[in-house]
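Thank you all for coming.

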Amino acid sequence: MSRSQAVGSKETSQNTHEERLQIQRLQEPTMVVSSSAGSDVVKGLTQTTKSLPPRYFYDDRGSELFEQICELPEYYVTRTETAILQECAGEIAQITGSCELVELGSGSSTKTRILLDAYNQAGYPLHYLPIDVSAGMLESTALQLLAEYPTLKVQALAGTYELALVQLEPTKLPTRMVCFIGSTLGNLNPQECEEFFSQIIDALQVGEYFLLGVDLQKAKHLLEAAYDDRQGVTAAFNLNMLEHLNRLYEGNFDTTQFEHWAFYNETKSQIEMHLRSLRSQTIQLQALNLTVSVDQDETILTEISRKFDLNAIQQELKAKGLVLQKVWTDKNKWFGLILCQLQAH
């Protein structure tokens, strides 16, 4: 583990930033491949139905592409959740009181600014812990936030949320709220979702809060358009995973020989994103000592995005000891924002 501090372009701002910003790297970006590194890739590509973990979407380029996806006209998720937050952020701040904000998968922190504005308007100190696998995205976003919020303190954690949650230090503010917004919960299958909620509970102290965004079930045509946009940004995002794997594990994926394929699985209430092979080919990842054959038209599953029933997810949270404080939705009931508080068992 190493600790580094971002610096500004001018010496005066540099000193200010050093006082208000820390970026802790939970894993080195150029990590040495060990026996465990890449084991998830090996497992996924050697199964009968091939798959790759969604975490490999998010190198710096992947994070940039996802930010572009969030601006697409077909991608209703971001603008719908943003509108909900604009309506309810003040109420969230009122419910929690003075509160440290921890965000999993923070990206450019666009929606987080709505929460920061609400806490700032209420006169509360601003402490923000963004967590993201892209250290580059964390640094650039943090520097922007420091310029926008003169009293803000940022302690960024570069790594997976699994690593970050177990390393959270006690907050210096009266309470804390862990935010998992943007519908990312849908990327987890039911078993992974169960494990994730357990990790959240372990990371929270009794009385602390969990803010969860969930994409709700809706018409198939709306869902499929959101994950297969006309401009091809989602396709580029999907294919970029292969470039990321090539760099990490000395691979020979040729992105021109795969195509993006997304559809809504109505039985499982989930979008599925695949990469479909345009010809029979042999893939090598030399750093993993892996060689696999991919047939023409064979697909590699890269992501699921489950769509939730609002009542069912509330019951699941309650069963874990995360007691509902308030739920907000848009007028179409396309998206839900759920605020819970951890209760003593």
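Before I quote the database, please keep in mind that UniProt positions are given in the numbering used here, that feature names are shortened, and that annotations may be inferred rather than shown by experiment. With that caution, UniProt lists residues 39–341 as "domain: Histidine-specific methyltransferase SAM-dependent", in an unreviewed entry. This is a predicted model, in which local features need pLDDT of at least 70 and side-chain atom pairs count only at pLDDT 80 or more, while totals for chains, interfaces and linings use all residues. Residues are numbered from 1 along each chain as its sequence is written, and side-chain values use heavy atoms, with hydrogens and water left out.

Over residues 39–341 the chain is 38% helix and 26% strand, where helices (H or I, at least four residues) and strands (E, at least two) are DSSP runs numbered from the N terminus.

The domain assignment, whose bounds come from an automatic or database source, gives domain 1 as 39–56 + 220–306 and domain 2 as 58–218 + 308–342. Their centres, taken over C-alpha atoms, are separated by 27 Å, and 24 residues of domain 1 are in contact (heavy atoms within 4.5 Å) with 24 residues of domain 2.

Now to the helices. Two packed helices are described by the angle between their axes and the distance between the axes. Here the axes are lines fitted to C-alpha atoms, for helices over the stretch in contact, and angles run from 0 to 180 degrees between N-to-C directions.

Take helix H3 (residues 60–69) and helix H6 (residues 135–148), which pack at about 55 degrees with their axes 8 Å apart. That makes H3 oblique to H6, since angles under 35 degrees count as roughly parallel, over 145 as roughly antiparallel, 65 to 115 as roughly perpendicular and the rest as oblique. On the H3 side the contact involves Asp 60, Ser 63, Glu 64 and Glu 67, which meet Ala 135, Gly 136 and Met 137 in H6.

Finally, the axes of helix H8 (residues 190–203) and helix H11 (residues 310–319) come within 11 Å and cross at roughly 45 degrees, and H8 and H11 are therefore oblique to each other. Cys 193, Glu 194 and Phe 197 of H8 make this contact with Ile 313, Glu 316 and Leu 317 of H11.
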